[in-house]
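Please open the model in a viewer and keep the selection panel at hand. The tour goes from whole chains to single residues.

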Amino acid sequence: MDRPMVEIRSVRKRFGALEVLKGVSLDVPEGGVVCVVGPSGSGKSTLLRCVNRLETIDAGRIKVDGELIGFEERDGRLRHLPPARLNRQRQNIGMVFQRFHLFPHRTALENVMEGPLIVGGVSREEARRQAEELLDRVGMAERAGHYPGQLSGGQQQRVAIARSLAMRPKVMLFDEPTSALDPELVQEVLAVMRDLAASGMTMMVVTHEMGFAREVGDHLVFIDDGVIVEQGDPREVLADPRNERFRAFLGRVL
Amino acid sequence: MTELPVDAVRPPRPGRWLAAAVAGLFLIWLAYTIIVNPNLHWDVIIAFLGDGRILGGLWVTIQLTVLSMVIGLALGVLTAVMQQSGDPVLRGAAALYTWFFRGTPLLVQLIFWFNIGLVFPTIAIGIPFGGPKLVEWQANELVTPFTAALLGLAINEGAYMAEIVRAGIRSVDPGQREAAEALGMSHSQVLRRVVLPQAMRVIVPPTGNQFISMLKTTSMVSVIAGAELLTVAQRIYLGNFEVIALLVVASIWYVVLTTIASVGQHFVERRFERGHGTLPARVRRNLRPFAGGGV
């Protein structure tokens with residue numbers, strides 16, 4: 001049997017006295033698109049941020065492509081990975097943020113070149129060629145020389161997706177990628193994500209876009225209060241939600 | 001549609017005209033009294049503006065300013081990075097440094113560095129805590145007025161620059177750091193490529209002020225005979241008693257230096273505004289993508 005690309009096992013995470021994740025287990029198969037939904041404060045973004053170790057988990061295990069993230073097991077004990085090896089793991093995991101976080105002092109092209117050039121050790125010409133290709137893929141080739149401040153939110157988010165793809169990640173994490181956008185700019189970003197899913201990219205998407213989840217997602221997970229309350233095929237689960245809280249949540253967002 | 005040009009007449013402002021007339025008259029009177037004043041010795045001032053000794057002092061002032069600022073900036077970045085460290089000893093060392101050097105007057109520090117030989121008669125490189133020494137110098141030979149001045153100015157400046165750099169680093173959106181880390185950048189890459197370039201926008205304007213202030217602060221070095229502009233001017237007027245004339249000469253040069261520095265500051269600030277700009281400029285730019293009908 002194929003092992004999943006992302007394996008999340010009994011993950012717990014607390015911020016001070018507040019336990020945000022109370023034992024979450026979830027698999028993302030290779031090439032699969034898992035959408036994570038839930039009310040704000042439910043822990044869904046925290047779960048995503050644990051996968052590339054922007055947050056350190058308190059209990060459980062997370063593996064990407066079979067490799068334990070952030071830790072190594074030696075002599076039967078778990079040890080934190082040294083920073084250099086954690087950085088190497090992160091290169092395999094793309095992350096797209098709600099607020100884009102493009103580097104404002106670099107052009108769109110330079111933003112996409114930055115990772116391969118600085119972290120990947122790719123030559124400047126190769127990084128540029130690859131960045132131009134990726135910008136073309138997200139429909140931003142014409143604005144390659146623009147600074148982020150000169151782009152609309154949707155355009156910035158498409159550049160941010162290209163920036164993550166430039167590292168050739170094995171999995172892409174999306175943290176509410178359309179929540180900071182004006183409504184008319186949402187579709188252009190979702191279109192890029194749809195293409196990406198169709199190309200076979202493994203994706204984990206925290207979102208409020210139920211339409212996207214139904215149409216593109218292979219699996220839908222509803223998180224509330226730090227636990228997975230309901231999950232399954234998006235079309236079935238959205239058509240016939242069983243859990244009371246999930247139903248109430250859908251009533252609010254749909 | 002008919003054109004309706006706004007060609008309105010502004011209401012009269014007699015109060016403002018009166019104030020302008022008073023200020024203008026005052027300036028004319030001030031210039032007149034200065035120019036015709038026989039005690040100012042304009043011939044002496046002009047003669048000494050290009051004097052070799054004055055120009056030598058001017059050069060020392062420029063050297064002291066530039067070197068102190070460069071070393072001070074380096075110390076400031078180092079200290080600010082130490083302040084962000086997870087290690088309490090590093091944070092403590094940085095805090096101690098800024099606390100001590102901002103807590104004592106620069107004048108006292110300068111005199112102290114000049115007399116360091118009284119505390120440490122010899123300076124050596126070797127194993128500390130009484131171990132063997134590789135090289136050894138007499139402190140009085142090593143610490144000339146120039147090195148004492150440089151030590152005092154640079155180390156004091158570093159303590160202030162640390163605060164400026166820290167404010168700059170804190171001004172950068174934490175999301176920037178996360179985005180860089182998510183790409184797999186190391187701590188030093190995040191700092192060099194992402195955080196510091198953006199922090200520069202906040203760091204540069206006060207650093208320009210520090211530079212301009214430093215041009216004049218170097219005159220404090222005259223207490224240890226630092227051979228900079230003011231010391232040289234003092235030496236000359238102690239010989240020829242043209243006290244005011246030589247102070248005017250020094251002041252003219254200080255004004256020239258600060259003016260040049262202000263112009264430089266303007267261009268450096270513009271350089272670091274890349275990707276930002278003023279609000280109206282940004283609005284215009286942000287609207288451009290939509291003006292052409294394309295998104």
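Predicted model: local features only at pLDDT ≥ 70, side-chain atom pairs only at ≥ 80, totals over all residues.

How many positive and how many negative side chains does chain A have, and how far apart do the centres of the two sets lie? Select the charged side chains of chain A: 35 are positive and 36 are negative, and the two centres lie 6 Å apart. Here Lys and Arg count as positive and Asp and Glu as negative, while His and the chain ends are not counted. Each charge is placed at NZ of Lys, CZ of Arg, CG of Asp or CD of Glu.

A word on the numbering and the model: residues are numbered from 1 along each chain as its sequence is written, and chains are lettered from A and ligands numbered from 1 in the order in which they are written.

**Chain A**

Helices (H or I, at least four residues) and strands (E, at least two) are DSSP runs, numbered from the N terminus. The radius of gyration of chain A is 18 Å, close to the 18 Å that the globule rule gives for 254 residues, so chain A is as compact as a globular protein of that length. That radius is taken over C-alpha atoms, and the rule is 2.2 Å times the number of residues to the power 0.38. Along the principal axes, the C-alpha atoms of chain A fill a box of roughly 50 × 50 × 40 Å.

Of the 254 residues in chain A, 57% are buried. Buried means under 20% relative accessible area, exposed over 50%, and partly exposed in between (1.4 Å probe, protein chains only).

Next select residues 44-51 of chain A, which form helix α1. Seven of the eight residues in this helix are buried, among them Leu47(A), Leu48(A) and Val51(A). After α1(A) comes Arg53(A), with a positive phi near 65°.

**The cores**

Now select Ile8(A) and Met204(A). In the largest nonpolar core, which has 70 residues, these two touch the most other members. The helix that gives the most to this core is α7 (residues 145-171) of chain B, with 10 residues. A nonpolar core is a set of buried Ala, Val, Leu, Ile, Met, Phe, Trp, Tyr and Cys residues joined through side-chain atoms within 4.5 Å.

Which residues does Met204(A) touch, not counting those up to four places away in sequence? They include Ile8(A), Leu47(A), Leu48(A), Val51(A) and Phe174(A). Contact means heavy atoms within 4.5 Å. A second, separate core of 50 residues includes Cys35(A), Ala127(A), Ala166(A) and Leu181(A).

**Chain B**

Switch to chain B, which has 12 helices and two strands. Chain B has a radius of gyration of 26 Å, whereas a compact globule of 295 residues would have one near 19 Å. Its C-alpha trace spans about 95 × 70 × 30 Å along the principal axes. Of the 295 residues of chain B, 36% count as buried.

Finish at Tyr237(B), in helix α10 (residues 229-240) of chain B. Is Tyr237(B) buried or exposed? Tyr237(B) counts as buried because its relative accessibility is 15%. Leaving out residues up to four places away in sequence, Tyr237(B) touches Glu242(B), Val243(B), Leu246(B) and Leu247(B). Lastly, draw a line from Tyr237(B) to Val202(B): they are 35 residues apart in sequence and 43 Å apart in space, C-alpha to C-alpha.

Technical notes: Heavy atoms only, no water.
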